[in-house]
Structure formats: structure tokens, C-alpha cells
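Subject: Structure handover and notes

Dear colleague,

Please find the structure below, followed by my notes on what was found in it.

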Amino acid sequence: MVLVVVMAMSLTLGYRIYSLEEVFRALLAFDGTETSVIIVNLRLPRAVVAPMVGAALGIAGVLVQTLARNRIASPDTLGLNAGASLFVVMASSVLGVSSLMGLSFAAALGALGAALLVFGIAATAGGLSPLRIVLIGVTFAGLGHSVVEVVLTTNEAQMQQLLFWLSGAFVDRPLALAANGAPFMVVGGIIALALARALDALQADDSTAASLGVPLFVVRGAAFLSVSLLTGASVAMAGPVGFVGLVVPHAARWLVGLRHSRQIVAAALIGATYATAADVAARFVIYPIEAPVGAVTAVVGGAVLLILLKRRAA
């Protein structure tokens with residue numbers, strides 16, 4: 001119900017405020033007027049893309065925190081967003097890829113490569129300890145963002161096109177993005193739900209999970225694939241929207257507990273609501289100019305991260 005309300009707010013609120021009657025008229029009987037064009041071509045894609053991205057990042061956050069056994073792990077802190085962004089920029093600027101499907105595929109490959117690299121380095125550097133995984137992930141994220149900045153600095157035209165996207169935003173996104181990103185997200189979500197029972201066991205140590213019959217290599221591989229599809233599609237659609245994957249799993253666990261069958265569904269709904277609400281808030285933070293939604297989620301996520309770190313220190 002809350003998600004429906006914030007989606008309605010996304011359609012009605014902005015630089016110009018429209019009534020629900022005007023929204024329904026534009027959606028059901030498009031007449032080519034300015035109001036109809038703004039609602040159908042600008043507001044509607046945002047109201048669709050934002051919850052899709054939020055849901056995907058929420059599910060990805062749940063899986064990443066379970067895989068790392070670390071409550072401050074997320075697609076951001078493990079460098080998955082940076083890997084997806086790097087591959088999108090390289091595919092666009094070096095290979096000339098411009099299709100939405102091509103960029104989505106590049107983002108998924110980047111996220112998968114980052115996940116394999118971070119966990120691979122951690123495994124060969126003394127074991128998959130929660131702290132080591134996050135430290136390696138943060139290091140890789142910084143390296144990836146630096147390479148992206150170098151590439152964009154040497155290509156000014158590309159920088160103008162991708163700079164706002166790299167800060168994370170839902171503005172000016174065509175509905176075609178949702179159609180292209182949906183298959184990646186659906187497959188990633190189905191894989192996550194199929195792994196729910198195994199992920200419950202994986203919350204303990206590896207020996208306990210193995211004794212319960214969990215095929216660790218298969219489960220981790222499938223989970224990496226799910227996270228990569230979800231994160232990659234999100235980055236291709238909206239850029240790296242930060243900290244959604246960090247905040248949402250904590251809210252999901254608080255509401256439904258540790259069972260992943262419930263936690264994944266809750267994270268999808270909470271993530272969709274959170275991202276859409278952040279998109280609405282971004283329109284008014286520095287009104288009449290619109291702020292990138294990634295800046296709004298970063299402020300909230302940064303505060304949550306500091307609170308979590310303080311609790312761990314205590």
C-alpha cells in the first residue's frame with residue numbers, strides 16, 4: 001500500500017503538480033497535450049524504473065550480506081556498482097555500444113567480474129573473513145571509480161552524456177529501459193528465491209552449511225550470478241544508485257526475521273518503496289533544480305552506515 005502511494009506521488013509531484021484525475025486522464029486517454037506528454041513520457045517511466053531498481057538492489061543487498069556474512073556489505077561497498085559502471089563506460093566509450101540491451105549486458109558482466117574478483121582475492125588472501133571482503137571491496141570500488149573518471153576525462157562528449165547517469169538518477173529514462181532491464185531482474189530474483197533455503201544455512205559457517213548438505217560452490221556461484229544480474233540491470237537503467245543495497249536488508253530483517261524466503265520478498269518491496277520515495281524527495285531537495293537520486297540515498301545510507309559501524313565498535 002505504501003508503494004502504491006509513493007508511486008502515485010511520483011506521478012503527481014514535481015516541478016509541476018498534477019491531480020490524480022489529470023494523471024488517470026493522461027494514462028487512459030492520451031491527447032498529446034503538454035500535461036499528457038509530461039505525465040506519460042517523463043513521470044510514468046520514473047514511476048516504473050525507480051521501484052524496479054530499488055527492488056533489484058534490495059534483493060542484491062540481502063544476498064551480498066549473506067555471502068559476505070557482514071551486515072555492512074552491499075553492492076556499493078563490495079565494488080559491484082563500480083564494476084558495472086566501469087564496464088558500461090568502457091563498452092560505450094571504447095567499443096561504441098549504445099543499445100540498452102548491450103549496456104545492460106555489459107553492466108551485468110562488470111558486476112559479476114567485480115564479485116568474482118573481490119571474493120577470489122579474499123579467498124586467496126587468508127580466507128573469506130567478513131572484514132577482509134569489505135576492505136577488498138571498498139578498495140576495488142575506489143579503483144573502479146578512478147578508472148571511470150580517467151576514461152570520461154579523456155572523452156568530454158562521453159562525459160557530458162554519462163556524468164549525471166553516474167551519480168544515479170531516474171530522470172529522462174525511457175520505458176524501453178524497463179522492458180530491457182526486466183528480464184535480467186526477473187531471472188536474478190527467481191534465482192535468489194530458489195536459493196532461499198541454502199542461504200539460510202549459509203548464514204552459519206561453511207562447515208555447518210556443508211554438513212546440512214549445501215553445495216557451497218554451486219550456491220555461491222548461483223548467488224553471484226543473481227547479484228550480478230540484479231546489480232547490472234540496475235546500473236544500466238539508472239546508474240550506480242548508492243546505499244540502497246545497504247539500508248534495505250536491515251529493514252527487511254527487522255520486519256520479517258532471518259528466513260530468506262521472507263527476507264527477499266520484503267527487501268524487494270521495501271527497496272521499491274525506498275527508491276521511489278527518494279526519487280520524489282530528490283525533486284524538492286534543491287527546488288526548483290532536481291538533485292540526483294543517488295545523492296539522496298547516499299545521505300541516508302551514509303548515516304545508516306555510520307550508525308552500524310558505531311554499534312559494531314561498541
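I begin with Arg 69, which is partly exposed because its relative accessible area is 26%, where buried means under 20% relative accessible area, exposed means over 50% and partly exposed lies in between, with a 1.4 Å probe and protein chains only. Before going further, please note that this is a predicted model, in which local features need pLDDT of at least 70 and side-chain atom pairs count only at pLDDT 80 or more, while totals for chains, interfaces and linings use all residues. Residues are numbered from 1 along each chain as its sequence is written, and side-chain values use heavy atoms, with hydrogens and water left out.

Arg 69 lies in the loop between H3 and H4, where helices (H or I, at least four residues) and strands (E, at least two) are DSSP runs numbered from the N terminus. Although Arg 69 is not a glycine, it has a positive phi of about 50°. Phe 243, in the loop between H11 and helix H12 (244–256), likewise has a positive phi, of about 70°, without being a glycine. A further backbone feature is the cis peptide bond from Tyr 287 to Pro 288, with omega near 10°; Pro 288 belongs to the loop between H13 and helix H14 (293–313).

Salt bridges

Seven salt bridges are found in a search of the whole structure, a salt bridge being a side-chain nitrogen of Lys or Arg within 4 Å of a carboxyl oxygen of Asp or Glu. One of them joins Asp 206 to Arg 69, with the closest N and O atoms 2.5 Å apart. This pair links distant parts of the chain, since Asp 206 is in helix H10 (residues 206–211) and Arg 69 is in the loop between H3 and H4, 137 residues apart. Asp 206 also meets Arg 220 in a salt bridge, at 2.7 Å from N to O, and here the partners are 14 residues apart, with Arg 220 in helix H11 (residues 216–238). Asp 206 is partly exposed, because its relative accessible area is 26%, whereas Arg 220 counts as buried at 11% relative accessibility.

Elsewhere, Arg 46, Asp 279, Arg 283 and Glu 290 are linked in a network of salt bridges. The side chains of Asp 279 and Arg 283 meet at 3.1 Å, N to O, and both ends are buried: Asp 279 has a relative accessible area of 1%, and Arg 283 is at 4% relative accessibility.

Core and buried segments

The largest nonpolar core has 72 residues, of which Val 53, Leu 63, Leu 78, Phe 170, Met 185 and Val 241 touch the most other members; such a core is a set of buried Ala, Val, Leu, Ile, Met, Phe, Trp, Tyr and Cys residues joined through side-chain atoms within 4.5 Å. Helix H3 (residues 34–68) supplies the largest share of this core, 14 residues. Leaving aside neighbours within four places in sequence, Phe 170 is in contact (heavy atoms within 4.5 Å) with residues including Arg 46, Val 53, Val 241 and Asp 279, so that two members of the salt-bridge network, Arg 46 and Asp 279, are among its partners.Helix H4 (residues 80–93) has 14 residues, which at 1.5 Å a residue should span 20 Å, in agreement with end C-alpha atoms that are 20 Å apart; the expected span is 1.5 Å times one less than the number of residues. Because 11 of its 14 residues are buried, H4 is largely enclosed by the rest of the structure. In the loop between H3 and H4, Ser 74 counts as buried because its relative accessibility is 0%, and beyond its neighbours within four places in sequence it is in contact with Val 64, Gly 245 and Leu 246. In helix H1 (residues 2–12), Leu 3, Val 6, Ser 10, Leu 11 and Thr 12 are buried, and what covers them includes H2, H3 and helix H13 (260–282).

Exposed positions

Ala 179, in helix H8 (residues 175–194), counts as exposed because its relative accessibility is 55%. Its C-alpha atom is 9.6 Å from that of Met 101, and the residues are 78 apart in sequence.

With best regards
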